[in-house]
Amino acid sequence: MRKFRSPASYNQRVPAHIRDALRQDFDGLWRLDQACFLPGISYSRLELAVYMRKPGAFTLIAERPATPKTRSFGGGPTELLGFLVAHALADQTGHIITLDVAAAARRTGVGSQLMTAAEERLRAAACQSVHLEAAVDNLAAIAFYQRHGYSILHTVPHYYSNGVDALVLTKELLSSGPDI
C-alpha cells in the first residue's frame, strides 16, 4: 500500500497550509459551508458532523496566518481558506463529500491543493476511483472538477433538499496496468 504524503508537502504551490481538521475547527467549517452554499445544499450542523465522523472519513483544511481582517470563519490565529471532507469506502472507491473554498480564496489554487491532497489520501487507502456530486447549476464547480480529470457519470434528479438535480462525476485514481 502506498503511503500518502503529509499534508505539509502540498504547501509549495499556493500560500496555504493543508492540515487535518481538529475537533475545535468544526464551528468555523460549518460557518464556511453556510457561506459557500445556498440553503438546501449547505449542510446542517448535524449532517456535517456525521459526514466528518464516518469511519474512513477525513477532513482537510487549507489555512494561512490571519490578519485582523481575515479571521471571519475560524476566529483564531489562522485564516480558514477552505476545507474538504472525503470518505474512503469499503468497496475501494472514494467519495468527496464537500469541497468548500472561501469566496476570497477562490481561483487561487486552494481548491486544487485540497483536491490533490484528498486524492493522494484516497490512493493511499487503496481507492481505485473517486466520485462526487455537484449541483447541475454550479457551472464553476463542474468546470473545476472537469479540469481535474473528473467526468460526468449521470444525473440524480432532486438530489438536494431544495429540489436541484446533481451530476455525479468520477475519476480513476489507480491505473489498472503494471507500474513502470
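Four helices and seven strands make up the secondary structure of this protein, which is a predicted model. Walk along the sequence and the elements come in the order β-α-α-β-β-β-α-β-α-β-β.

Now for some whole-chain numbers. The protein has 180 residues, and 47% of them count as buried. Its accessible surface comes to about 9800 Å², with 57% of that belonging to carbon and sulfur atoms. As for contacts, take the ones between residues at least 6 apart in sequence: 63% of these join residues at least 24 apart.

Then there's the backbone. Which residues have a positive phi without being glycine? Gln92 is one of them, with a phi of about 65 degrees, and Ala126 also has a positive phi, of about 70 degrees. Here they are side by side:

| Residue | Phi | Loop | Relative accessible area |
|---|---|---|---|
| Gln92 | about 65 degrees | between β3 (78-88) and β4 (93-101) | 38% |
| Ala126 | about 70 degrees | between α3 (110-124) and β5 (129-135) | 23% |

So where do they sit? Gln92 is in the loop that links strand β3 (78-88) to strand β4 (93-101). Ala126, for its part, belongs to the loop between helix α3 (110-124) and strand β5 (129-135).

How accessible is each one? Gln92, at 38% relative accessible area, is partly exposed. Ala126 comes in at 23%, and counts as partly exposed too, because buried would mean under 20%.

Definitions and conventions. Residues numbered from 1 in each chain as written. Predicted model: local features only at pLDDT ≥ 70, side-chain atom pairs only at ≥ 80, totals over all residues. Heavy atoms only, no water. Helix = DSSP H or I, 4+ residues; strand = E, 2+ residues; numbered from the N terminus. Buried < 20%, exposed > 50% of the residue type's maximum accessible area, 1.4 Å probe, protein only. Contact = heavy atoms within 4.5 Å. Areas by Shrake-Rupley, 256 points an atom, 1.4 Å probe, with all protein chains shown as cover.
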